[in-house]
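Please look at the sequence and the 3D structure below, and keep both in view while reading the report that follows.

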Amino acid sequence: MITRKMLINQEKFENIYQNELTPKQKKVLPLFLAGQTDEHIARELGATHRSTASHQLRNISTKFGFPPETEPDYRCNLIEMFAKYKPELVSVKALEKCGHIIQNIRFPEGPEPLNSAFYQERSPIESRCYTAIKEPGALIRIKAPKQMGKTSLLKRIMAEAKKSSYSTVYLNFSLIEKNKFTNANDFLRSFYAYVINQLPSAPPLTVWDTDIPSMVNCTLTFQSLLKQLDGVLVLALDEVDKLFEYPEIYENFFPMLRNWNENANESDTWEKLRLLVAHSTEDYGRLDINQSPFNVGLPIKLEEFTEEQVKSLAIRHGLDSKNILPLMSLVGGHPYLVRLALYYLVCQDATIGKLLQEATTDTGIYSEHLRRHLETFQENQELGRVFKEIVSNTQGIKIERKNRQFYQLDSMGVIKFSNNFVMPRCRLYHEYFGVGVARRRHRL
């Protein structure tokens, strides 16, 4: 276990990583973080002695503030620092060599902080997004069920954009009050007001002309904003599914976004706008898909974590990888369910055996998560009926076409599609809600 405290913050780390390493050190470092032996690293450098690798690693560690007083410590400190600030570069093999526990593990709630060592990359998704956001008129749409990591990815794309000195605005539609959805004009005014609140140099809301149609008004006002803006604007729209509860709003708003994106093809002003759209459903209501942002731009679909990705997370928590297969047999690679289990295993002294034994009960670590879904099914009886049919069938049920309930269940993250069948996303949901167990028959 590593006891030395982190000596530098992320900003200083990035400066050293980007600017202070020599070409040879930049070649050694990724090989070391990939878990390669000193002999292998030396061969890659064309050297004959393994001490060449040790010499370079000591110098690298010193630059990052770790005096190489003892052989294993400076190496593990280096791995821990990169696991915290650039975890995508650290392999499972390298992590296993140190088997350390990263301190200050927070309860997994909300998006993963930018400096978190527990953000799990889904390569090459991140690099594709970081490249795409720099393209004129870019539009990236991120789709995944709830609690699969959409907002965490979205925040990282924004952070990457800021490195290029782009202006960024983040809007989560679930935070907009219901009274703002009463009519299109009020909604668009609120939308623009939220934007300019994060862009002090934007034209004030007083330029809003109430005598012209609201979509035209919003478009002209946004065009004026882009003309005055010195550089690129990244507009990140999270949880846009909220709008599908309000046809009058989405039937105007989404075609407007599509129009803005298409304007970038012939306008230097509009190509300064880059759009990020995150959503959890493909149920677009009455919306014409060809008049929306949902079939253009770069589509990103977030899947569950793979076994290797879950293993990497477990090792970063200081856990033996033998816990992985039993856990995944229950929750698959569901990001939130996996992270919650790892948190309890480390911070609450839970054992994997007890955790799995109690997981599908009302006293287990997932009880609050499961009860929230249960309340949804009780409030929406038709949705509960459809889900009951799915969990009652061990092989899933064959579908001819996706209906509204399937889309809703997919958005909630409780089902998955495989060929022409729909089934519970994981055994946790099947066992908790399944009608095959007598004591659970009353749930749905």
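## Strand 3 and its partners

Valine 234 stands opposite arginine 274, which belongs to strand 4, and in this predicted model strand 3 and strand 4 (residues 273-279) pair in the parallel sense over five bridges. To get from strand 3 to strand 4, the chain passes through helix 11 (residues 247-263), and this β-α-β crossover is right-handed. Strand 3 also pairs with strand 2 (residues 167-172), again in the parallel sense and over six bridges, and here leucine 171 stands opposite leucine 237 of strand 3.

Is strand 3 enclosed by the rest of the structure or left open to the outside? Six of the six residues of strand 3 (residues 233-238) are buried, so the strand is largely enclosed by the rest of the structure.

Tyrosine 250 lies in helix 11, the helix through which the chain crosses from strand 3 to strand 4. Its relative accessible area is 2%, and because the cut-off for a buried residue is under 20%, tyrosine 250 is buried. Leaving aside neighbours within four places in sequence, tyrosine 250 is in contact with Leu243, Phe244, Pro255, Tyr284, Gly285, Arg286 and Leu287. Between tyrosine 250 and leucine 355 there are 105 residues in sequence and 43 Å in space, taken from C-alpha to C-alpha.

Serine 214 is placed in helix 10 (residues 214-228), and with a relative accessibility of 16% serine 214 counts as buried too. When residues up to four places away in sequence are not counted, serine 214 touches Ala184, Asn185, Leu188 and Trp208.

In soluble globular proteins, nonpolar side chains tend to be buried together. The largest nonpolar core of this model has 46 residues, and those that touch the most other members are Tyr366, Phe387, Leu409, Leu428, Tyr429 and Phe433. Among the elements that give two or more residues to this core are helix 12 (307-316), helix 14 (335-347), helix 17 (381-391) and helix 19 (427-433). Helix 14 gives the most, with eight residues.

A second, separate core has 42 residues, including Leu188, Leu233, Phe244 and Leu275.

Three strands form an open sheet in the order 6-8-7, and their pairing is antiparallel. Strand 6 (397-398) and strand 7 (415-418) stand at the edges, each with a single partner strand, so one side of each is left without a neighbour in the sheet.

Strand 6 pairs with strand 8 (residues 421-424) over two bridges in the antiparallel sense, and isoleucine 397 has valine 422 of strand 8 as its bridge partner. Strand 7 and strand 8 also run antiparallel, joined by four bridges, with lysine 416 opposite methionine 423 of strand 8. The hairpin of strand 7 and strand 8 has two residues between the strands, and asparagine 419 in this hairpin takes a positive phi near 55°.

Most residues other than glycine have a negative phi, and most peptide bonds are trans. Where does this model depart from that pattern? Glutamine 147, although not a glycine, has a positive phi of about 65°; glutamine 147 is found in the loop between strand 1 (139-143) and helix 8, and at 35% relative accessibility it counts as partly exposed. Glutamate 239 also has a positive phi, near 55°, and is placed in the loop between strand 3 and helix 11, where its relative accessible area of 29% makes it partly exposed.

A cis peptide bond joins serine 123 and proline 124, with omega at about 10°, and proline 124 is found in the loop between helix 6 (92-98) and helix 7.

## The second largest pocket

The second largest pocket has a volume of about 510 Å³. It is lined by 21 residues, of which Lys86, Glu88, Tyr130, Glu160 and Lys163 are the closest to its centre. Helix 1 (10-19), helix 5 (71-85), helix 7 (125-132) and helix 8 (150-163) each supply at least two residues of this lining, and helix 8 gives the most, with four residues.

Conventions. Residues numbered from 1 in each chain as written. Predicted model: local features only at pLDDT ≥ 70, side-chain atom pairs only at ≥ 80, totals over all residues. Heavy atoms only, no water. Buried < 20%, exposed > 50% of the residue type's maximum accessible area, 1.4 Å probe, protein only. Contact = heavy atoms within 4.5 Å. Core = buried A, V, L, I, M, F, W, Y, C linked by side-chain atoms within 4.5 Å. Pairing = 2+ DSSP bridges. Right-handed = clockwise from strand over helix to strand, strands pointing away. 1 Å grid on protein atoms, 1.4 Å probe; cavity = no way out; pocket = protein on both sides within 12 Å on 5 of 7 lines; lining within 4 Å. Points joined across faces, edges and corners; volume = space filled by probe spheres on them.
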